[in-house]
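Subject: Structure for you to look at

Hello,

Here is the structure I said I would pass on. Please open it beside the sequence, then read the notes below.

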Amino acid sequence: MYDKFQSHLKKQLSGIESAGLYKKERILTSPQGAEITTRAGLNVLNFCANNYLGLSNSPELIEESKKALDSHGYGMSSVRFICGTTDLHKKLETTISEFFGTEETILYAAAFDANGGVFEPLLTNEDAIISDSLNHASIIDGVRLCKAKRYRYMNADMEDLEDQLILAQPQRYRIIVTDGVFSMDGNVTPLDKILALAEKYDAMVMVDESHSAGVIGKTGRGTTEYYNVLGKAEIITGTLGKAFGGAIGGFTTGKKEIIEMLRQRSRPYLFSNSIPPLVAASGIKAFELITHSSEILDKLRKNTSYFNEKMTRLGFNIKPTKSAICAVMLGDAKLSQDFAANLLDEGIYVIGFYFPVVPQGEARIRVQLSAAHTQGHLDKAIAAFAKVGRELGVIK
Ligand SMILES: *Cc1c(COP(=O)(O)O)cnc(C)c1O
């Protein structure tokens with residue numbers, strides 16, 4: 001059997017390769033950070049990590065993890081409801097609830113699991129999920145696992161959302177689901193308008209704050225703070241894998257009874273291992289660091305606006321962004337790949353994205369800013385963009 005299957009796979013793999021869609025992995029030999037070293041011996045500035053707050057290699061988080069290793073050991077060897085819950089897991093859940101102004105929180109091994117396990121325990125075929133067209137893959141998978149009727153609205157398009165809500169009126173319960181910040185454009189979901197429509201058409205709201213928590217809102221609490229509606233969305237999901245240290249872990253936070261039901265019925269929670277105590281401990285620390293001082297967030301904001309301003313002044317077409325994601329629009333797919341390759345030669349590591357990850361003709365380089373970047377890092381990146389941009393005829 002395997003002979004036939006093997007040649008089938010080989011054909012598919014070479015198809016992926018010849019379409020230029022084969023994903024190769026660059027091997028880092030240094031900690032994640034603004035400056036990284038790769039196994040190929042390259043020393044480059046990293047502008048493609050989700051390390052928004054620069055906490056991936058934070059001495060405070062490392063220290064906290066080491067302490068937890070000594071006090072709580074390494075692994076849990078259990079799911080939460082059998083013997084996988086420590087005081088650190090409970091404290092992290094409370095910390096997250098306080099941070100988002102929500103009632104309760106449940107941890108998962110990843111935000112992918114949080115989204116994968118949120119719909120099926122709560123909704124049935126009598127209900128409706130109304131989902132933004134650009135929502136994260138894990139939301140799409142979560143929706144697939146649930147029998148609720150599916151509706152989709154064009155990205156952040158409130159007229160379309162209203163149309164879908166009208167169509168969904170015959171269903172028993174309705175929930176609108178959206179990313180807080182969309183990862184390819186860096187745009188923020190219009191949560192204020194979504195909540196108003198939810199009120200008008202009797203729906204609940206879920207926001208995935210994976211790219212927005214720790215980044216937007218005055219004190220980094222995400223879109224609900226950005227629109228001054230803390231505690232209004234029934235469900236928030238998020239990750240510990242981006243701004244909050246970047247290790248591993250996800251969560252769902254929101255209304256008490258919703259979280260209680262997830263603890264009883266959510267399959268990725270019930271049937272998958274508990275996160276290690278050291279990750280819970282450093283997670284608590286990450287939330288504390290940004291709660292007790294605005295220094296890190298101020299730095300991220302300063303870096304983001306500095307980079308955007310300079311790049312716009314150079315003549316690059318930058319998508320309007322409110323997050324730490326800056327999409328440098330190039331249009332042509334090949335140009336985006338050449339541009340990224342030339343930037344790497346200049347010591348700047350970024351990724352060019354093109355169809356089908358973004359719409360046809362909207363190829364771009366996505367730059368992700370971090371509080372770990374210094375002014376010198378930014379100036380070096382901007383100079384490299386200017387040089388390559390002129391060489392490739394993107395700017396004058
Ligand atoms: C990154 C991301 C996830 C997945 O997070 P993990 O914790 O890495 O599984 C889910 N949703 C959105 C919107 C994301 O950006």
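Ser77 is exposed, with a relative accessible area of 71% (exposed means over 50%, buried under 20% and partly exposed in between, with a 1.4 Å probe and protein chains only). This is a predicted model, in which local features need pLDDT of at least 70, side-chain atom pairs count only at pLDDT 80 or more, and totals for chains, interfaces and linings use all residues. Residues are numbered from 1 along each chain as its sequence is written, and side-chain values use heavy atoms, with hydrogens and water left out.

Backbone

Ser77 is not a glycine, yet its phi is positive, at about 50 degrees. Ser77 belongs to the loop between helix 2 (59-72) and helix 3 (80-83). Helices here are DSSP runs of H or I with at least four residues, strands are runs of E with at least two, and both are numbered from the N terminus.

Ala156 is another residue other than glycine with a positive phi, near 55 degrees. Its place is the loop between strand 5 (149-153) and helix 7 (158-167). Ala156 has 24% relative accessibility and counts as partly exposed.

Where is the cis peptide bond? It joins Phe355 and Pro356, with omega about 10 degrees. Pro356 is in the loop between strand 13 (351-353) and strand 14 (363-368).

Ligand

There are 13 residues around the ligand, and Ala111, Phe112, Asp208, Thr239 and Lys242 come nearest. A residue is counted as near if one of its heavy atoms lies within 4 Å of the molecule. Helix 5 (residues 111-116) gives the most to this shell, with three residues. By type, the shell has three nonpolar, seven polar and three charged residues. In this scheme Ala, Val, Leu, Ile, Met, Phe, Trp, Tyr, Cys and Pro are nonpolar, Asp, Glu, Lys and Arg are charged, and the others, Gly among them, are polar.

Which polar atoms lie by the ligand? A polar backbone atom of Ala111 is 2.8 Å from an oxygen atom of the ligand. An oxygen atom of the ligand is also 3.1 Å from a polar side-chain atom of His211. For His136, an N or O atom in the side chain is 3.4 Å from a nitrogen atom of the ligand. The ligand taken alone exposes 390 Å², and the protein buries 83% of that (areas by the Shrake-Rupley method with a 1.4 Å probe).

Regards

Note on methods. A polar contact is a pair of N or O atoms within 3.5 Å; within protein, one must be able to donate a hydrogen and the other to accept it, and residues adjacent in sequence count only if both atoms are side-chain atoms.
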